[in-house]
Amino acid sequence: MKAIKGIFGIALILSVGCADKKEVSQIEDGQTDSNTIRISIDPGTIYQTIESFGASDAWTIQFVGKNWQDDKKETISELLFSTEVDAAGNPKGIGLTSWRFNIGGGSAEQGESSNIKTDWRRSESFIDENENYDWNKQLGQQWFLEKAKAHGVVHFTAFVNSPPVVYTKNGKAYSEDGNSANIASDNYEKYADFLVAVLKNVEEKTGVHFDYLSPFNEPQWEWRCCKQEGSPWNNDELAAATRVIDAAITREQLSTKIEVTDAGQLNFLYGNDGDARRNDQLINLFSSGSDIYIGDFKNVAKAIAGHSYFTTYDINKLVDTRKSLASKIQEVDPSLKFVMSEYCVLEDNEEIKGAGLDLGIDPALYTARVIHADMILANAVSWQWWLAVSPYEYKDGLVYIDKDKGNGNYYESKLLWGFGNYARFIRPGMQRVEVERSNQISISNMGDLLSSAYASSDELVVVVVNQIQADRTIVFDNLDTGKYNKITMYETSAEKNLELTKVIDDLEQEFVVPKRSIVTFLIQ
């Protein structure tokens, strides 16, 4: 381990250790690392079409976008959104293709009386206690919306943690008892009217059109006082509110689709874990025989959204959860897409802990394995990180900042650049295609060298994740020499940040994937 002086004036731990020792010994048993691994890509075997890779603006963006010096917030926006390269050909940013905008509940205006412990997790609202609108609220977030659009971000989602406090049961942005939605059913129409007003007016002000509206964030949790804004939603409440919101969108002739359910864990989508009023959401909400079926609502997206929290360890759970989800989708409605709409490293396990700042490669590798599993096992069409910008000593950010509302320093993380190995090169409209390996190890073996491939009409993108403390050698088999003539290699590791490391025109060239690295091969 190596310590440097950095964010918040504390010592940062840049970890260059390996994965769990027991797990690594299992990886190495029976393998011949000296042998070249041959990777064969079959562009004719197509899986899901990719929509986007993104992150959210909660909550730090409200201060950075509004108060920070222009040069610093411009650089942060470049790190997140830019698709440009520097003079050496290295990406200036990770080129996110989606951005999640938090529609605040109004706890910020309440201040300390909101009971939410820190103003870093309070949010402004566009509507006040007298139901008057002010479109100059959330200016910092609107600044980043405009920057995202200017850099070429193509998909935008507006998401809600709590309904506006003017409409909640207790006048707060959290639940009093955790038993039901913190909004009376007779306020659903007002809530719907508020949401469509936000969609229309923010677009008019910023030029950003919201493709998706997510009105129910992690409905399984109780969201009681007082860590942040939030509201539980039982399945029947969620369905009833969706019906009203759907009608409001139709009335206003908007093209925005409602994204549900942003489940707090993936297993809540298909199983009976947790609260029976809020689980098994595929059956309850998208099975045509259900009394609360919403799958035929005009403005509901043909997708099911969930968060990958608490289902990533051990490897058996990682794999089984995603296979189960994919299987249940096929059973209930094969036309439904899966959106992984939020993840950061929250859980504590033998391999990693959420708490503690780590700008090094270990969290990036752990997250890359989660992305890989969500893409190849659950067939995610979109994968979205939680905090784009974090002030916390936690593994929840891409860019980190000093906890200073007015100004401060920013810090790049390997999580940022490792995520960029996917986000920067796998562009909207690409399709995931088949990958096979010569050494017969299952492609779903999450403890080994991971590889996934994505194709457009004129490019292949292959992302390879080497999790062990040994370099691995690979070569691509059967590439179409009539179509492709160049391979460009980009590396994120303890030493490199999505750095261009090789450009060759020999399609049969062997490549070394360094130990503990994430490498993207752009084949053109």
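**Pocket**

I started with the largest pocket, which holds about 580 Å³ of space. This is a predicted model, so I kept in mind that local features need pLDDT of at least 70 and side-chain atom pairs count only at pLDDT 80 or more, while totals for chains, interfaces and linings use all residues. Residues are numbered from 1 along each chain as its sequence is written, and side-chain values use heavy atoms, with hydrogens and water left out.

For the terms, I worked on a 1 Å grid over the protein atoms alone: a pocket is an open set of points with protein on both sides within 12 Å along at least five of seven lines, a cavity is a set where a 1.4 Å probe fits but cannot get out, and lining residues have an atom within 4 Å of a point. Grid points are joined across faces, edges and corners, and a volume is the space filled by probe spheres set on the points.

I found 21 residues lining the largest pocket, with R121, W223, K227, Q228 and L346 nearest its centre. That lining splits into 12 nonpolar, 2 polar and 7 charged residues (Ala, Val, Leu, Ile, Met, Phe, Trp, Tyr, Cys and Pro count as nonpolar, Asp, Glu, Lys and Arg as charged, and the others, Gly among them, as polar).

**Cavities**

The largest cavity has about 50 Å³ of space. Its lining includes E51, H155, Y212, E259 and Q384, and I sorted that lining into 2 nonpolar, 6 polar and 2 charged residues. Strands β6 (155-160) and β11 (380-390) each supply at least two of the lining residues (helices, H or I, of at least four residues and strands, E, of at least two are DSSP runs, numbered from the N terminus).

The second largest cavity holds about 40 Å³. A364, T367, W385, L398 and F419 are among the residues that line it. Helices α11 (361-376) and α12 (414-423) are the elements giving two or more residues to this lining, and α11 has the largest share, with 4 residues. I counted 7 nonpolar, 2 polar and no charged residues there.

**Aromatic rings**

My search of the whole structure gave 26 aromatic pairs (ring centres of Phe, Tyr and Trp, the last by its six-membered ring, within 6.5 Å; planes under 30 degrees apart are stacked, over 60 edge-to-face, the rest tilted). Y309 and F310 are tilted, because their planes stand at 50 degrees, with centres 6.2 Å apart. Y309 is buried at 2% relative accessible area, whereas F310 is partly exposed at 35% (buried is under 20%, exposed over 50%, partly exposed in between, with a 1.4 Å probe and protein chains only).

Then I checked F511 and F521, an edge-to-face pair at 4.9 Å centre to centre and 70 degrees between the planes. F511 sits in strand β20 (residues 511-513) and F521 in strand β21 (residues 517-523), so the pair ties together parts 10 residues apart in sequence. F511 is buried at 0%, and F521 is buried at 0%.

I also noted one aromatic cluster that includes F53, Y309, F310, W385 and F419.

**Charges over rings**

I found R100 over the face of F159, at 4.9 Å from the ring centre (NZ of Lys or CZ of Arg within 6 Å of the ring centre and within 35 degrees of the ring normal). The charged end of R432 sits over the ring of Y47, 4.1 Å from its centre.
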